[in-house]
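Subject: Structure handover

Hello,

Here is the structure I promised you. Please open it first, then read my notes below.

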Amino acid sequence: MSKIIALNDLYENELEEFIIDLGLKKFRADQIYRAIFSKNIKTIDEITQISEYDREILKEKSYIRNLKILEVFTSKIDKTKKMLYLLEDNTLIEGVLMEYKHGYTLCVSTQVGCRMGCSFCASTVNGMERNLYPSEIVSQINEVEDYFDIRISNVVLMGSGEPLDNFDNVIKALRILNSEKGRNLSMRSFTLSTCGVAEKIVKFGEEIPQAGLAISVHSFKDEIRSEMMPVNRKYNIDYLFREIREYAKLTGNRISIEYTVIPGKNDTDEDIRLFKKYLNNLNYIVNLIALNPINEYNKIDYRQSAKIFKDKLDKNNINCTLRRELGSDISASCGQLKKYYLEEGGLSELQSSNACGSCSKK
Ligand code: SF4
């Protein structure tokens, strides 16, 4: 046992095995687990439920993996906050905190960078640096709750990274967050968003059937979708929807279909026909997303185009909503904060940038 273990990467049974190997009493696992996950403690010294002697033994072989909030941007329009987190290896990830009538929703990251290559996303520019550990996924919730003194009611896995590409760590993090001795967040409070890693969708439904699923579709035409989202070359739209139907049958869940309206590209009559074809007999909701609002360089009013397309979908009985844009003045959708931080050496340059907006990850 020479490796240093991060205690907050372990399930309770793994923690039990670990401390028994260290020569500590088995029942200490319960105290340590509760201390780590029901509070947001940073060091083993803070586990005061066990003796100093036991803490010293623990410290020889383990530690608690931390992350910290480096910067926070608050929207002046609404109360949306965007956070930049610093990880222990000095890498950066992002998150978004949204306040709704029913409570707070936190958008969390699952990887440092991303290898999926979606054409509209800043997170993928430098590829995938590494997967997040379960503790780093869990700590995003703990840190934000402590920092703002709030309780999060919903968690959406829509930050940087493709959650199904870090499958095991994501499942472990959700189980830890759900644990009664830990944060005790309901499985129903989680929504996983994928760009379409089709082969893992049913598996996700088998592991956590109560959690929600959102799919970034953006086009039902393979040529257009492959151009925007290279994952479509591996799992084309027919394959993707076969897996989605299988998942829906297994879980009974309603599927969220994320669709950014790009005038002239994916809002034609043919596109409406494809909505009907692929969504027929499926329990779904389409979330339409407008590209970034009008700015001085671009005179197209994308929100208006999205509204027009929504009307057409309504007339065709497609169940859809047009997403309310939150935090538009701190734009910085997925990957933008990090990009500015690294390129500008700080965030002061960050303005209402023309961030992608086409990403479902806002
Ligand atoms: S949109 Fe999501 S899946 Fe696509 S590159 Fe960005 S982080 Fe990855």
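The structure holds eleven aromatic pairs. Rings of Phe, Tyr and Trp (its six-membered ring) pair if their centres lie within 6.5 Å; planes under 30 degrees apart count as stacked, over 60 as edge-to-face and the rest as tilted. Take Phe-220 and Tyr-259: their ring centres are 6.0 Å apart and their planes meet at 25°, so this pair is stacked. Phe-220 sits in the loop between strand S11 (212-216) and helix H7 (222-228), and Tyr-259 in strand S12 (residues 255-261), so the pair ties together parts 39 residues apart in sequence. Helices (H or I, at least four residues) and strands (E, at least two) are DSSP runs, numbered from the N terminus.

Before the rest, two notes on the model. It is predicted: local features need pLDDT of at least 70, side-chain atom pairs count only at pLDDT 80 or more, and totals for chains, interfaces and linings use all residues. Residues are numbered from 1 along each chain as its sequence is written, and side-chain values use heavy atoms, leaving out hydrogens and water.

Next, Asp-271. This residue lies in helix H10 (residues 269-279). Its relative accessibility is 0%, so Asp-271 counts as buried. Beyond neighbours within four places in sequence, Asp-271 is in contact (heavy atoms within 4.5 Å) with Lys-221, Tyr-259, Lys-265 and Asn-266. The side chains of Asp-271 and Thr-268 make a polar contact of 2.7 Å. A polar contact is a pair of N or O atoms within 3.5 Å; within protein, one must be able to donate a hydrogen and the other to accept it, and residues adjacent in sequence count only if both atoms are side-chain atoms.

Which side chains join Arg-130 through polar contacts? Asp-89 does, at 2.7 Å, and Glu-136 does, at 2.9 Å. Arg-130 is in strand S8 (residues 128-131). Its relative accessible area is 17%, so Arg-130 is buried.

Last, Arg-65 lies over the face of Tyr-133, 3.6 Å from the ring centre. The cut-offs: NZ of Lys or CZ of Arg within 6 Å of the ring centre and within 35 degrees of the ring normal.

Best wishes

Definitions and conventions. Buried means under 20% relative accessible area, exposed over 50%, partly exposed in between (1.4 Å probe, protein chains only).
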